[in-house]
Amino acid sequence: MSKRTDIESIMVIGSGPIVIGQACEFDYSGTQACRVLRAEGYRVVLVNSNPATIMTDPEFADATYVEPITPEIVEKIIARERPDALLPTLGGQTALNTAVALHEAGVLKRYGVELIGADIDAIQAGENRELFKRIVAKVAAEHGLNAESARSAICHTLPECLDAAAGLGYPVVVRPSFTMGGAGSGFAYDEEDLHRIAGAGLDASPTTEVLLEESILGWKEYELEVMRDRADNVVIVCSIENIDPMGVHTGDSVTVAPAMTLTDREYQNMRDVAIAVIREVGVDTGGCNIQFAVDPRTGRMIVIEMNPRVSRSSALASKATGFPIAKIAAKLAVGYTLDQIPNDITRETPASFEPSLDYVVVKVPRFAFEKFAGADQTLTTHMKSVGEAMAIGRSFPEALQKALRSLEKKGSSFGWAGDPGDKDALLSACRTPHDGRLRTMQQAIMAGATLEELYEATSIDPWFLDQLYLIDEEARAIGAGELTLAALTRAKGHGFSDAQIAEIRGVTEPEVRALRHGLGVRPVYNTVDTCAAEFAAKTPYLYSTYDEETEVPYGDRPKVIILGSGPNRIGQGIEFDYACVHASFELSAAGYETVMVNCNPETVSTDYDTSDRLYFEPLTLEDVLEVVHAEQQTGPVAGVIVQLGGQTPLGLAQALKDAGVPVVGTSPESIHLAEERGAFGRVLAEAGLPAPKHGTAVTVEEARAIAEEIGYPVLVRPSYVLGGAGMAIVYDEETLSAYMARAGAASDHPVLVDRFLDEAIEIDVDALYDGEELYLGGVMEHIEEAGIHSGDSACALPPITLGGFDIKRIRAATEAIARGVGVRGLLNVQYAMLANVLYVLEANPRASRTVPFVSKATAVPLAKAAARVMMGTTIAALRSEGMLPAEGDGGTLPLDAPIAVKEAVLPFNRFRGVDTILGPEMRSTGEVMGIDEVFGTAYAKSQSASYGSLPTKGRAFVSVANRDKRAMIFPVKALADLGFEILATEGTAEVLRRNGVHAKIVRKQSDGVGTDGEPTIVTRILDGEVDLIVNTPFGSPGQSGPRLDGYEIRTAAVLRGIPCVTTVQGLGAAVQGIQAIAAGSVGVRSLQEHAQRLRG
Amino acid sequence: MTLATTGTAVLVLEDGRVFHGTPYGAEGETFGEMVFSTGMTGYQETLTDPSYHRQIVAMTAPHIGNTGVNDEDPESSRIWVAGYVVREPARVASSWRSRRSLDEELRRQGVVGIAMPGTRALTRHLRERGAMRAGVFTSPAAPVEELVEKVRSSPAMVGADLAKEVSTPEPYVVPAHGEKRFTVAAVDLGIKAMTPYRMAERGCEVHVLPASATAADILALDPDGVFLSNGPGDPATADYAVEAVTGVLDAGTPVFGICFGNQILGRALGLGTYKLRYGHRGVNQPVQDRRTGKVDISAHNHGFAVQAPTDGPFDTPYGRAEVSHVNLNDGCVEGLRLLDRPAFSVQYHPEAAAGPHDAAGLFDEFCALMARPGTTEGGKSV
C-alpha cells in the first residue's frame, strides 16, 4: 500500500471566517494539508472564504477560490475544476457539513468526485448521537471494556424534551445535533431552563434534533487524539486532561497534556475504547478526537463524543507533541500508511509511534467578555472563548504560570499583592466556572481555603489543587528569605516571572532581572522532540525551562527573530499571524535564519515547519529578552521584528531597544511618534494634514473641558490599544464622566478625546515605506460610515466611490505621514472624508488586520515585501525583482479590476442578549472576502460567506432612525420593486408611503400585542415570518423606548439567524447584492486567475 | 549554566557525571545500571517489573506518583528497581483506587531514590554514551571522586546472571478463568503477574516454574505449551534456561517466549545476543509484523537483543527460522519464528502492564498453536 496514483487533483475545503469554536487552527491544518498534497504532486483546488488565512495564499494551491463555502458555490467550483477527490476533514465542521451536503445533493456522484479521508457513514455515525451510543455499547460488550454512554434521549420537539427530562431527572444537558463548538448546548436545571435552552437548540440544529443527557457535571474530562491508516494501524498521538471538570466546554477549559491523573490501567482502557470506537465507526484514515468523562469516585467511564476530523484539540496536540496530525492525515488520505511516513522531528523513526512527553503542556483560554456588555460570563458547555495560549514547562507549575502570563491580560497571572479578601466569598465565586477561576482559587488559597474546601467548591482533581498550593508555598518562600541563587532557581523552576517575584518582594522587575542575571540564573531551552530525548531531534522546536542543559543549536547565518501576536483576541487575530508567517518564509528565502516566538497553538506560525526555529514562549519582555539572549549566544542576531505581530510585540519595542536588542523596521521612537497624540499632531501639522479636533485627558475635568471646546459628540478611547478596546462615542457630559471613571480603572494610559465626524466616509490605507518611496498597498472604502470600528465595517477595494483625485490626495497624505513618522515597513492609516476634507484619524506604523485582504485583492505579497524593507531592501529593488509591480501600486488598479469586499463576522449568536449594533469598539472575530466583477455581486458573496445568503424574495422589515429616513427610501423602493413585501413600524411606513412604497405597518415590541391579537414585530421575527431586517439604532444604550425596541428586534434576528442590516449604507449594499443574485450573475474565479488579470 | 543544589542527594554516573537533587523514597545509597523509561503512565507496574532488577530507573515523564499506589497494579510482590530517579514527585495521590503514596511505598520497601531537575539531561547523556553504572547517594559523605570509584566498583550488567535472583523459589499454579483449555508451563525468569493472567483469561492453567527448571521438570507437567518469560540480566549467562528450552524443542512442545525468553529461544537456535547502547524502555515502540505489515505500539523493557539475519529465513538446529518482527525505530530484531516447528517469541511485552494492548493477540496465537501443535501457524495473526 502506498501513495495513490489514480487521483490527480484534490479539492480541500477550509473552514471560512474565524468564529468562536472554529478559529485559525483550521488554517494551520489546511495549510499543512495543501503543502503536503502539492509536495506529493497533486493538483490542489482550495475553497475558503477567509482572506486572512495563510492557506488562501495563491502559492499554497493550484487554484485558490476565496468564495463562499456554500454547497451551491462549491458545486460551481467543482464543475469548473473537476477534482478527482475531495478532502473534507481539515476544514472543521464547516468543511465536513459542506461535504455531506454535496454528497446528499448528488453533486459528488454527478462529477465523479471521491471523498477521501472520510466517509459519509463514519461522519453520520460520529455525529448521530443515537448511533454513536449503540457503537459505544457494542464495543464495550465485545471487548469487555469499561465504557458507557450517558443515559440520554433524543428529542425533536419541546414536549418530547419535557417528557424525557422528567425521566432522566434534572439537571439535564442539552446538546443540539450537528452544531459546532457546542453551539446551542447548555444545562437545564428545571423546566423553565429546558424550555429556553432546548427551544434554541432545536432551532440551532440543522436536523431539529437535540439530545438530553444525564448530568455528569464535575466528572474528570479527558480527550484522546487518534490517527488511523488504511492498513488499520492506529496510534494515540496525545492525551489531554481538562483541569475544569465536566460542565465547561473543552475550548473554555484549562487543559493539560499529557493526562496527569490516570493510572496505566485506566489510560489503557481509554486507549482500547478509543481504538475500538473509531474502528467501529469506520473512520477510514486520518485523525479524530474522542472525549471521555470519568467519575472520580468510581472510575465509571463515559464516552462523550468523537469528531471524525482534525479539530482545535488536534492542533493543540500537534503543538504539544511535535506530531503534525493534519500533515499526516493528508498523507494517510492519499494512501500512505503510518509506517511509511517518517517522523519529521527525528527523521529516523516513523510516524507509527506514540509521542512520549518529558514536559507538561498547559492550554488556557482567552475570553473577550469586556467587549460584550450584558453577556452571561459563566462558562458552560457553550464555548465562549475567542482564543487560547499554550505553554510548555518541565513541571505543571512552570507550564501553568507561563500559560497564564501568555494571556497578556491584566490579572491573568497569579498574584500575591494585597489582601485577597474574604475566604468564603472567594470560595463561593469558585463554584461558578468563570474566566480566571484558577486565579480566584489562588486568591482563596491565600485567604486560607483548604484543599477540601476548594475540591468541594470546584470538583477539580486534588492533584491539580495541590499544585496550586505548591505554587502558593513557593510564593511565600520567595517573599520570606533572601533571594539567593538557590531561592531564585527554585522560584523560576516553578514558573514565577520576574514581574511576579518583584511584586512579591516589593521591588521592580528590572531589579529582579538584574539580580537574576548577576547570579547567572537563566532558562535553558529544551527541544520538543516527540520521544522524551530517546532519539536526537533534528527539528528545532524549543521551549524555555529552568533545567540543566540548553539545546539551542549554533548557526552561522544571520538570524532574524520575529515576534508573533500571542493568543487570538478580538482585534488581534489570524491577520497578524499571516504577516509573521510571510515574513518568515520570505526572510528564510532571502538567506536569513528565521526564529519565531509565539504562544498561540492554533496558528501556522507555531508550526515547527514554518521557521528555521520555533520558540513556544510567552510574549512578555522577560521571555523575549531570554530568547534573544539565547540566540545571541549561538550566532549573530541581525534583527528583531516587532511590527508584524500586532500590538503585543509593538508594545515591547521600546523596552527591547532599551535593553540593547536590535529592533528592525520602524524604530520604537517612530512608533511613539504615531501612537502619542501630541507628537502625532505635530507630524500632521508639519505635513499640513487636518485631523479631527482632539485632546488628551487624564482626569474627568480635562476630558470635560476638551469636549466642551470641540463639541459633542466626541469619540473617546485609551491610547495604545488595538481593536478599539474601550472606545466609545459620547453624546453628553454625563456619559463622558462615567466613561472616564471606567477608563481610569482599566488602563494606565491617558484617554484620547476626538471630535466625532458623523456621516463621514471612512477610508483605510495599507502602505509600505522604505524611507524614500511609498508603495500604496491598497485603499479601502468602508461601507458603513464613520463611527463603526474599521475591523467591524465592511469595506471595498478598489474604493467604490472615490475618484483618481481622491486617491492622489490619499497617497500624498500617506507619504507625508510615513516620512514624518519615520516608517520603515508597513503603515496603516485611517482617514475620514467629510465635505471633501480628508481628515487623518489615526496611523499605525505596523501590519494591520487588512494586510492579507489587500494582498489577495491586489495580488501583491505586502507582508513579504514589508519584511524585506525592514531588513533594508528598497521598494525600487523589490519592484525590479518582481515582488512588487514594476509600475504603479494599489492605488492605480486598472478600471476593470475586480472588486473585493471584506465583511466582518460577529459572534453575537454566542452571546445571547448582547445588542448587535456596531460601534467604535471592535467586536468581530473574523472576516470573509467576496470578490467579483462588480460591487453588488462581490457584496452578495461576502454576505453569503459570512451570514448565509441574502434573500431574494419574501418579507423585509424596515425600521430606521430619523436621520436615516431620507437615505433609506431608494433602497427600500428597490426591494419592493424586487418583489419584497415591506413591513415597517409606523414612522418609517409613513415616510415610505409618501414616497410611493407600500409598507404594511407592524406593531413595535413596546406597543405590545394588539387588541385583536396582532403580534409584535419581535413575535413575527421569532415565528419566521420575516426574511430580511433593516434596523438602524437610535436612542442611547440601556434606555427603555426606541433603543430597547431595536435591541429586541436585533436579538430576535440573531436568535432566528435572519440577515439584519443595521446601517443605511449596508442596506444600499445589500440591495445591490440582492439585485446581483436575482440577475443570476454569481460566478466563481480563482485568485490565480485574478492575479493573472491584475499583474499579467 | 549550573543549577543550584537545593537538595543533598546526588546521582553519580560511572563516567563521572553528577546530578544533584533531593532524596526521594528511602534514604541511603544504591547502585545499579542506569536506564531510562519513557512511559508516561504505569510507574507502579514499572517499579514491580522483575526485569528492572539491579537497575536504577529514571522516568522521563516529569510528574510521578500522581495516582499513588494501589493494590491491583503491582506486577510482582515487591519493587525490583535498585533505585528510582524522578523529576517532580507527587505530594498528593489522587485516584479512587489509591491506597497510599508512592513516597511511602518506596520508603516501606527501602527503595532509594532522588528527585532532580536534570532527568532530560541524564537521558540525553545515556542516549549519547550508552547505559552505564550509577549510584544514588541521598546524603553523600565522601567527595565526588570517591563516589565515582564506588560506582565503578559495583557489578556491571554485562555478564550478570540475574534471572534466578528474581524467580519464584517454588512452583505455583495460576488457574484458568472458566473452562480449562490448556496446560502451560511458564518458566519464571522474572515473570510479571499480568502474563499468567492474560493466559488464564484464555483458558490456560499456568504452572509457573522457577528459572532453574530443567527440560525434564517442564515436560513432567505434560504441558500443551511452554512459556518463557521476561527477566533481568545478560542472556548470555543463562545457559541453564537455554538448555531447558533445547529439551522442550526436542520434544516438539509448542514454545512462546517474550523479552528475555526471546533471547533464550534465540540462543537455543544458535543465535547470539548483544547489548543495545541504551535499550528500549517505554510503551510507545513501533513493532512491525513482517508478514502482515501491521504495526503494533508495544511495551518494551530490554537492554539486550538477538542478532539474527533479517534478509530472509535462516537455518537452525530446529529447521528454518525467520525474524518475524522488527522495530521500526532502529531495525532491531523484535521477534523470531521457527518455520518447521511450533515455536515463536517476541522481544517485547504482549501482556503490556504498563503499556498498550496492541500485541495481546500474541497470546491467542500461542493458544492456537497449542490447539494445533502440528502446525507452525498460530492461526489469527496480530
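Start where the two chains meet: 45 residues of chain B are in contact with 53 residues of chain A (in contact: C-beta atoms, placed from the backbone, within 7 Å). On chain B, select helix 3 (119-129), strand 15 (272-289) and strand 16 (295-307); each supplies at least two residues of the side that touches chain A. Helix 3 of chain B gives the largest share, five residues. Helices (H or I, at least four residues) and strands (E, at least two) are DSSP runs, numbered from the N terminus.

This is a predicted model: local features need pLDDT of at least 70, side-chain atom pairs count only at pLDDT 80 or more, and totals for chains, interfaces and linings use all residues. Residues are numbered from 1 along each chain as its sequence is written, while chains are lettered from A and ligands numbered from 1 in the order in which they are written.

Next, go to chain A. Five strands form an open parallel sheet there, in the order 37-36-35-38-39 (strands pair if DSSP finds at least two bridges between them). Strand 37 (1000-1001) and strand 39 (1060-1061) of chain A stand at the edges with a single partner strand each, so one side of each has no neighbour in the sheet. Select A:Leu983 and find its bridge partner A:Lys1000, in strand 37 of chain A.

Last stop: B:Pro89, in strand 7 (residues 88-89) of chain B. Is B:Pro89 buried or exposed? B:Pro89 has 21 C-beta neighbours inside 10 Å, so it counts as buried (buried: 20 or more; exposed: 12 or fewer; partly exposed: in between; C-beta atoms are placed from the backbone). Show B:Ala115 too: 26 residues away in sequence, it lies 6.9 Å from B:Pro89, C-alpha to C-alpha.
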